Amino acid sequence: MARRDTSRRPDRRDEPRRDEPKGQSFLGRWLRRIAVWSGAVVLLAALGVGAAVLVTARSLPGFERLKSTQTGQTIVVRAADGSEIVTLGPSYGKWIPIERIPRAMQDAMISVEDRRFRDHWGVDPIGIARSVMVRFERGHWRQGGSTITQQLARNIFLNNSRTFDRKIREAVLALALETRFSKGQILELYLNKVYFGGGAYGVDSAARKFFGHSGEHLSLGEAAIIAGLVKAPSHYSPTADAQAAVDRAAVVVQTMQDAGALTPAEAAAVDLKGVKLAKEQGQNSARYFTDWVLPQLDLLLPDNDQPIEVWTTLDPAAQHAATDAIQTHVPKDAQGALVSVDRDGAVLAMIGGTDYVTSNYNRATNAVRQPGSAWKLFVYLAALERGYKPEDKVRDEPVTIQGWSPRNSGGTYAGEIDVRTAFAYSKNTVAAQLGSEVGFPAVASMARRFGITTPINTLPSMVLGSSDVRVIDMVRAFAEVQAKGRVVMPYGIRKITNNDGEVLYSHKPDPAQQLVPEYVAAQMTDLMQTAVNIGTGRAAQIGRPVAGKTGTTSSNKDGWFLGFSSGITTGVWMGRDDAHAVPGLQGGTAPARAFATYMKAVTAKRPVEQFDTQLQLPQWQLEPDDEARQANPNDYFFVDPNGDIVQPGARSQPQAEQRDPVTGEVIVPDAGNAPGPAAANDDFLDRATGRQGQPAPRTRPQGATQHPN
């Protein structure tokens, strides 16, 4: 048997190739494989990016659609005459086509933001590489690599987050924009949409805000200032720091020279310090009003995010007169507030402080202060509703109620006077007695009925205004007396429209609601007119019928005057924010004078209106008491124990007659079961003052000199 040759033939795979140097075959093969795979990955990535760009480009809105796209809501607030009060939110100005945007503006923006704008396809690899090199040299990101196209993509479609995912999407969108639109269109979109600070979007808006003219007429210096804002709008804003804006513009001019957009001579000729900035419009007093009405938009149009125009009730002439009145009469180091409403509740003027720039705190709607004797409005309303008449007799004399002894201003007492005189001279003792008789809860209920929204205490001292109130609430209450006892709700927005003029909201009058009978409101007007004619409110006279009431708190911390004439109701408050005393401040001094100054101006073109104070009283007040108790309940209004009006015919059955065990007099049933008691008599005052069985003290004769409250 032949022997098999067991020798092994060499494996050709182990032999080096003739074209490969020994020792390098393995490394070479792996390098080639890496190159092939890298090329494949790059190719696949390029294909993926290309596909994404094409798909994105197809889905992009058209040029006209992008022109109309806005980021953020613009709100234009207009006065009653249609004039613009303020514009809030982003302002876009007028759209300027690229051919009408000054060449200096285009060159400045390209030079400082994207020098290779006309050479790349939306993403600039050279710019990115330069940014990365600076990052390694400086240790932090000194400059970005985003192109103008990328910034446009971010402004329109994305947010400002710095995530890797956002940067990828930004790059794809930029490439898609370059695929879909020309360089001129991209630059036009960018210059009309980029944010320049101060709410200004676009060249035209920035030019109007900072220089007071259209963006079509920018000088080289103005263009440099605007272009320099994009990097840090708040830091380089001319209105915030003019020097910083000029310094940044100088950098822009130098960059333009480096980019070849300017010659050295042209750059040297730019006078940046000679650029005239538009005067910044100061925050005027009308901003107190807009701060009050604008939050109401969330209730009136909760889901709206489109640009709107808000047409308000504010009367520019009335607002100007209110500003002058407060600034002229407010005491030194004190603040002032004023609210004025028309007969339907439309707010004509609102002052929340002496200077909005110094303090934007709205004292007309937010501050709560003690009203002093202005609160007596509710005391006397409750008394009139219970049966008192202006000519009924009361006694002004010392009184103690539940351990509390009120004093009149000046410490004097007039003895027997009528209700009208007691109100006119703001007699504290009479108000205390009336409040005690009708019940302090009834007074509180009357105040609540007339729109007081703040907490109300029912201590005896509450009749002198110890509960805090808001100016606008007190004005509402006085306006409701002027409206013959009907509800008046202050409002500031008449309608809201969109940019096309479509009405999105229109104010509708509130349903009529009677708070007190008309004769009660007429009697109250009688009392307040007397207070202005001969009482504590004489400084509020304006040469036509005025009804009103003063208010002064202890130590002259607060001064009030509230009143109405010719259908306009106005309230004025003055005092210090820290509640310290203001020397000489009384409701009948500075506040009443400010009221008169304002009302003379706003009523000048209105016809003179006489007050209707002679309304027919209900039958139960015209008949003797015994007969009145048999009157038809449908002939009058009355209130329940909480002070709420009960409709005629809705009351419960009268209770059995009860008599006082000491005097034997008939005790008047609760307010919900009886029309009201007669005027206060001597027996009542004796019991209220604790003088029963003692000789009456000596009092000042009627007409004696009084010190106003």
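In what order do the 5 strands of the open sheet stand? The order is β5-β4-β12-β11-β10, and the pairing is antiparallel. This is a predicted model.

**The open sheet**
- Strands of a sheet pair through backbone hydrogen bonds, either parallel or antiparallel.
- In this sheet of 5 strands, the pairing is antiparallel.
- β5 (347-351) and β10 (547-552) stand at the edges. Each has a single partner strand, so one side of each is left without a neighbour in the sheet.
- On average, neighbouring strands of the sheet are turned by 5° against each other, direction ignored.
- Strand β11 (residues 558-565) pairs with strand β12 (residues 568-575) over 8 bridges, in the antiparallel sense.

- Helix α21 (residues 518-533) lies across β10 and β11. Helix α21 runs at about 65° to β10.

**The hairpin of β8 and β9**
- Strand β8 (residues 493-498) and strand β9 (residues 503-506) pair over 3 bridges, in the antiparallel sense.
- I496 has Y505 in β9 as its bridge partner.
- The hairpin has 4 residues between the strands. In this hairpin, G501 takes a positive phi near 85°.

**The pair α5 and α7**
- The axes of helix α5 (residues 148-157) and helix α7 (residues 183-193) come within 10 Å. They cross at roughly 55°.
- That angle makes α5 oblique to α7.
- The crossing of the two helices is left-handed.
- From α5, the contact involves I148, T149, Q151, L152 and I156. They meet I186, L187, L189, Y190 and K193 in α7.
- By class, this contact has 7 nonpolar, 2 polar and 1 charged residues.

**The buried helix α13**
- How many of the 8 residues of helix α13 (residues 286-293) are buried? The count is 7, so α13 is largely enclosed by the rest of the structure.
- The buried residues are A286, R287, Y288, F289, T290, W292 and V293.

Definitions and conventions. Residues are numbered from 1 along each chain as its sequence is written. This is a predicted model: local features need pLDDT of at least 70, side-chain atom pairs count only at pLDDT 80 or more; totals for chains, interfaces and linings use all residues. Side-chain values use heavy atoms; hydrogens and water are left out. Axes are lines fitted to C-alpha atoms, for helices over the stretch in contact, and angles run from 0 to 180 degrees between N-to-C directions. Angles under 35 degrees count as roughly parallel, over 145 as roughly antiparallel, 65 to 115 as roughly perpendicular and the rest as oblique. A crossing is left-handed if the near helix is turned anticlockwise from the far one by less than a right angle, and right-handed if clockwise. Contact means heavy atoms within 4.5 Å. Ala, Val, Leu, Ile, Met, Phe, Trp, Tyr, Cys and Pro count as nonpolar, Asp, Glu, Lys and Arg as charged, and the others, Gly among them, as polar. Two strands pair if DSSP finds at least two bridges between them. Buried means under 20% relative accessible area, exposed over 50%, partly exposed in between (1.4 Å probe, protein chains only).
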